[in-house]
Amino acid sequence: MDERSSKTAGNPADNGLGTEALGCLLLRLAVPSILAQMVNLLYNLVDRVFVGRIPDTGSLALAGIGVAFPVIMFISAFAGLAGMGGAPRASMAMGRGDNEEAERILGSALVFLILTGGLLSLLFLAVRRPLLHALGASPNTIEFADEYLTVYLFGTVAVQLTLGLNQYISCQGFAREAMTTVCIGAVLNIILDPVFIYWLDMGCKGAALATICSQSVSAVWIFCFFFGRRSMLRLRRAFLRLDRRVLLPVLALGMGPFILQSTECLVPLTLNAGMQQYGNDAYVSAMTILFVLAEVLFLPVDGLCQGAVPIMSYNYGAGHTQRVSGAFRLMVWWAFATAFAGTAVILLFPSPFIGLFTDDAEIARIGVHGARLYMAGMLFSGIQLAIQRTFLALGQAKLAMSIALLRKLVLLIPLALLLPRLGFGTDGLFVSESVADMLSVTASIALFARYRRRLFSSSASRP
């Protein structure tokens, strides 16, 4: 063990990241992260369940929220830019014993989140209606989409702070505290949704208001944590500025997750527009349900990988390459098993899941048929996510970005545009996801195999 390794391994302030047995450590960090991701899913799930069951207009309101969803995903991607780009670098700095640098990263990220949140709110408020028409809103669904998005945009800053800063709680090894952030908001959202949607008769506006109120409370909790005694990182006034030296590397590393999520919004945009062109509003509603089911599969796997990221980042910064390699092996096998099992259940029994969101027989029929075409490739998607998160954890911005670009921009969107025109219609739109998943998993494995030795057997260079 080198000098830096011995120094860090005995550091009691590492919260076990450099010393605890890997299996137990990953479980300790991953289980709260998985629970947090599942609870976070309730934001979207509960909104859609309640909205989809609004008397008389539920199906159209559900389609309206689906049309607005790409805008929300794009806005949230900026939180990932500062959070997922900065938190691994903060962990690496802490692994080197440089907490001041980690606090500089935290301060710059906070200012970045506030500024981008405000600017994005103003921008999308100005262009929301023409944008929603371009995203596939029909005359029947535009008002629902506009109501939901308008209210949501007024809470953008709070949402950005919650999503972005919570990563800096996780990167310290406080997975349960990060889970608490999510649970506070989700439980409050569940309580407020029926109050605003039904009791106050606010419909889609009520669903959006419940979400931003819940996220605002979560943001307050995060600030309380950073000003409390347990946090190893502090929000210091001297570091609350856009420090170019600190922020540019953060944005470079965060560009991979940003592209992954911002291009993710192009998927519902492309598929919703295609479903409207080759199908009708019922197809858009069914597609909205499938997006949520895909999140049900994605978020637990992502929570597992998020639990592994601070372990790999901290030990990479400390020079513990064997712990980095061991954490990766555990993560990739657990991610594969989780994604495979969850996808298999939905493929075998899609009807109960579709039935949670709608009583409309036509939407249910389309959803059951589409689920099997749309989700088949997700059986192996855990492998790709684990590899992408590994590149992110180790500061390999270009490699993380290449995987992010591959699945969405290079494969999925071109397939979604091409297959319907070749005569496959709505089935071509559904199956484009599965084809893209299988091809991108194969390419990710090949890319990782090429760089594995350099990442895990050498500690000479650090980002």
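**Note on salt bridges, surface and helix packing**

1. In this structure, which is a predicted model, the side chains of Arg-365 and Glu-362 meet in a salt bridge, with 2.8 Å from N to O. Both residues belong to helix H14, which covers residues 361-374, and because they are three residues apart there, about one helical turn separates them. Arg-365 is partly exposed, its relative accessible area being 46%, and Glu-362 also counts as partly exposed, at 36% relative accessibility.

2. The structure holds 10 salt bridges, and a reader new to the model may wish to look next at the one in which the side chains of Arg-236 and Glu-103 meet, at 2.7 Å from N to O. This pair links distant parts of the chain, since Arg-236 is in the loop between helix H8 (204-226) and helix H9 (244-264), while Glu-103 is in helix H4 (residues 99-134), 133 residues apart.

3. Another salt bridge is formed where the side chains of Glu-177 and Arg-230 meet, with a distance of 2.3 Å from N to O. Glu-177 lies in helix H7 (residues 175-199) and Arg-230 in the loop between H8 and H9, so this pair ties together parts of the chain that are 53 residues apart in sequence. Glu-177 has a relative accessible area of 13% and is therefore buried, the cut-off for that word being under 20%.

4. Salt bridges also occur as a network, in which Arg-128, Arg-129, Glu-143 and Asp-146 are linked. Helix H5, which covers residues 142-153, is the place of Tyr-148, and Tyr-148 is buried, with a relative accessible area of 3%. The C-alpha atoms of Tyr-148 and Leu-135 are separated by 14 Å, and the two residues are 13 residues apart along the chain.

5. On the surface, Leu-27, Val-31 and Leu-35 form a nonpolar patch, and together these three residues have about 240 Å² of accessible area. Leu-27 has its place in helix H2, which covers residues 22-52, and with a relative accessibility of 44% Leu-27 counts as partly exposed.

6. Asp-201 is not a glycine, and yet its phi is positive, at about 55°. The residue lies in the loop between H7 and H8, and Asp-201 is exposed, with a relative accessible area of 65%.

7. Turning to helix packing, the axes of helix H10 (residues 266-278) and helix H11 (residues 281-318) come within 7 Å and cross at roughly 150°. Since angles over 145 degrees count as roughly antiparallel, H10 and H11 are therefore roughly antiparallel to each other. As to its hand, the crossing of H10 and H11 is right-handed.

Key
Residues numbered from 1 in each chain as written. Predicted model: local features only at pLDDT ≥ 70, side-chain atom pairs only at ≥ 80, totals over all residues. Heavy atoms only, no water. Patch = residues over 30% accessible without salt bridge, like charges linked within 9 Å, V, L, I, M, F, W, Y side chains within 5 Å. Areas by Shrake-Rupley, 256 points an atom, 1.4 Å probe, with all protein chains shown as cover. Salt bridge = Lys/Arg side-chain N within 4 Å of Asp/Glu carboxyl O. Helix = DSSP H or I, 4+ residues; strand = E, 2+ residues; numbered from the N terminus. Buried < 20%, exposed > 50% of the residue type's maximum accessible area, 1.4 Å probe, protein only. Axes fitted to C-alpha atoms, helices over the stretch in contact; angles between N-to-C directions. Parallel < 35°, antiparallel > 145°, perpendicular 65-115°, else oblique. Left-handed = near helix turned anticlockwise from the far one by under 90°.
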